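Please keep the sequence and the model at hand while reading.

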Amino acid sequence: MGTTAQGGTSVAQFKSGMTKYCESMGYKLHYDKSIASNGVFNYEYAKVQLMSHRPLAIFTSKYSYSNITELENCDSISIYSSVSRHAMAAFGYREITYTLSGGNRIDRFLYVATGSVVYGTGYYNIDKNTTIEECYGLFVTDIN
């Protein structure tokens, strides 16, 4: 994919590299339309993709992901944040409704492979500390 320590991998390099890899394995990779456009992430469409068993490739420039441990009457959330460009694969979603004294709050997460040694997988909060530049639904078909 042309990944470097200084510049990482661009979206174009990722798409080219993944396409070549899938073709070498006998598959054709398809990228569904961008689920993020002009800094606006279409969460409802992302959920449709995930419910159709299509993972997402997410490209961010600011992000955080969490490890959520459910306890009795509360959750423990460990958060890792960064302001660098990053790519993650999402393969699920989760919505948590918190009942607070001032009313309910719904937190919306994508379940992701973080690409980090801190947490191999985690919950990516799409509403806090994030900028999703591009996002694609991925699916493969036989090459023939």
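**From the whole chain to two residues**

The protein chain has a mean pLDDT of 84, with 94% of its residues at 70 or more, where pLDDT is the predictor's confidence in each residue, on a scale from 0 to 100. This is a predicted model, in which local features need pLDDT of at least 70 and side-chain atom pairs count only at pLDDT 80 or more, whereas totals for chains, interfaces and linings use all residues. Residues are numbered from 1 along each chain as its sequence is written, and side-chain values use heavy atoms, with hydrogens and water left out.

Two helices and nine strands make up the elements of the protein chain, and from the N terminus on they follow the order α-β-β-β-α-β-β-β-β-β-β; helices (H or I, at least four residues) and strands (E, at least two) are DSSP runs, numbered from the N terminus. Among these elements, helix H2 (residues 43-51) has the highest mean pLDDT, 93, while strand S5 (residues 74-82) has the lowest, 77.

Taken along the principal axes, the box filled by the C-alpha atoms of the protein chain is roughly 55 × 35 × 30 Å. Among contacts (heavy atoms within 4.5 Å) in the protein chain with a separation of 6 or more, 57% are accounted for by residues 24 or more positions apart.

A pair of this kind of sequence distance can be followed from strand S9 (residues 131-142), where Cys135 lies. Cys135 counts as buried because its relative accessibility is 0%. Although Cys135 and Ile35 are 100 residues apart in sequence, their C-alpha atoms are 5.0 Å apart in space. Not counting residues up to four places away in sequence, Cys135 touches Lys33, Ser34, Ile35, Ala36, Phe41, Leu56, Ala57 and Ile58.

The second residue, Asp32, is found in strand S1 (residues 27-34). Is Asp32 buried or exposed? Asp32 counts as buried, because its relative accessibility is 15%. The side chains of Asp32 and Gln49 are joined by a polar contact of 2.9 Å, a term for a pair of N or O atoms within 3.5 Å of which, within protein, one must be able to donate a hydrogen and the other to accept it, residues adjacent in sequence counting only if both atoms are side-chain atoms. Leaving aside neighbours within four places in sequence, Asp32 is in contact with Tyr45, Gln49, Arg54, Tyr136 and Gly137.

Technical notes: Buried means under 20% relative accessible area, exposed over 50%, partly exposed in between (1.4 Å probe, protein chains only).
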